[in-house]
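Reader: Hi! I have a structure open and would like to talk it through with you. Could you start with the terms I'll need?

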Amino acid sequence: MNIPDITAFRQKGLFWLRCLLFLNAAIAVLATFAADTPLVPVACAALVLLVLGWLALSKATVSGTWRCVAAVALLGQVMVFVGAMAGHPMQVDAHMLFFATLGILILLVDFRAVIAGAAAVAVHHIVLNFALPSLVYPGGADLARLAMHA
């Protein structure tokens, strides 16, 4: 029986995760034009998360902590995208990128990274539901919607 080399699989996956960092940043920036939201803060946040994610991915083969940081950076970009869609009718639909990104994290071959990413998304939704609900949901804070998302 041939046992797959997890490190080799993870190394191949890092290429696609780096691509996703750029794609998520671009999507967030493009969302500002669709939703008529401010470009500069979105672009700055997406770029900072891109750099942080790139750094984390460069160390992801040797450290589970860096894999968790990479996961949070990737999902942080999705948070920026959803916030950039504030006021747009498709803001709720933009949440689907959370699920897609969480699924892609399997390329890190580390359940802790997936859990860290999911936890970051949960904290993001809980905090913003009360602090800045328009960045998460159209129509303001909503406990029922928060419970449904959870």
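Author: Happy to! A salt bridge here is a side-chain nitrogen of Lys or Arg within 4 Å of a carboxyl oxygen of Asp or Glu. This is a predicted model, where local features need pLDDT of at least 70 and side-chain atom pairs count only at pLDDT 80 or more, while totals for chains, interfaces and linings use all residues. Residues are numbered from 1 along each chain as its sequence is written, and side-chain values use heavy atoms, with hydrogens and water left out.

Reader: Is D110 buried or exposed?

Author: D110 counts as buried because its relative accessibility is 6%, and R67 is buried too. R112, at 42%, is partly exposed. The cut-offs are under 20% relative accessible area for buried, over 50% for exposed, and partly exposed in between, with a 1.4 Å probe and protein chains only.

Reader: New topic! Which residues make the nonpolar surface patch?

Author: L30, F33, L39 and V40 make it, and its area is about 420 Å². Helix 1 and helix 2 each supply at least two of the patch residues. F33 lies in helix 1 and counts as exposed because its relative accessibility is 58%. For a patch like this, residues need over 30% relative accessible area and no salt bridge, and nonpolar side chains (Val, Leu, Ile, Met, Phe, Trp, Tyr) are joined within 5 Å. Areas come from the Shrake-Rupley method with a 1.4 Å probe.

Reader: One more: what is the phi of D36?

Author: It is near 55°, a positive value in a residue other than glycine. Most residues other than glycine have a negative phi. D36 is in the loop between helix 1 (6-35) and helix 2 (39-58), and is exposed at 71%.

Reader: And where is V109?

Author: V109 is in the loop between helix 5 (96-104) and helix 6 (111-131). V109 also has a positive phi, about 50°, although it is not a glycine, and is partly exposed at 28%.

Terms used: Helix = DSSP H or I, 4+ residues; strand = E, 2+ residues; numbered from the N terminus. Patch = residues over 30% accessible without salt bridge, like charges linked within 9 Å, V, L, I, M, F, W, Y side chains within 5 Å.
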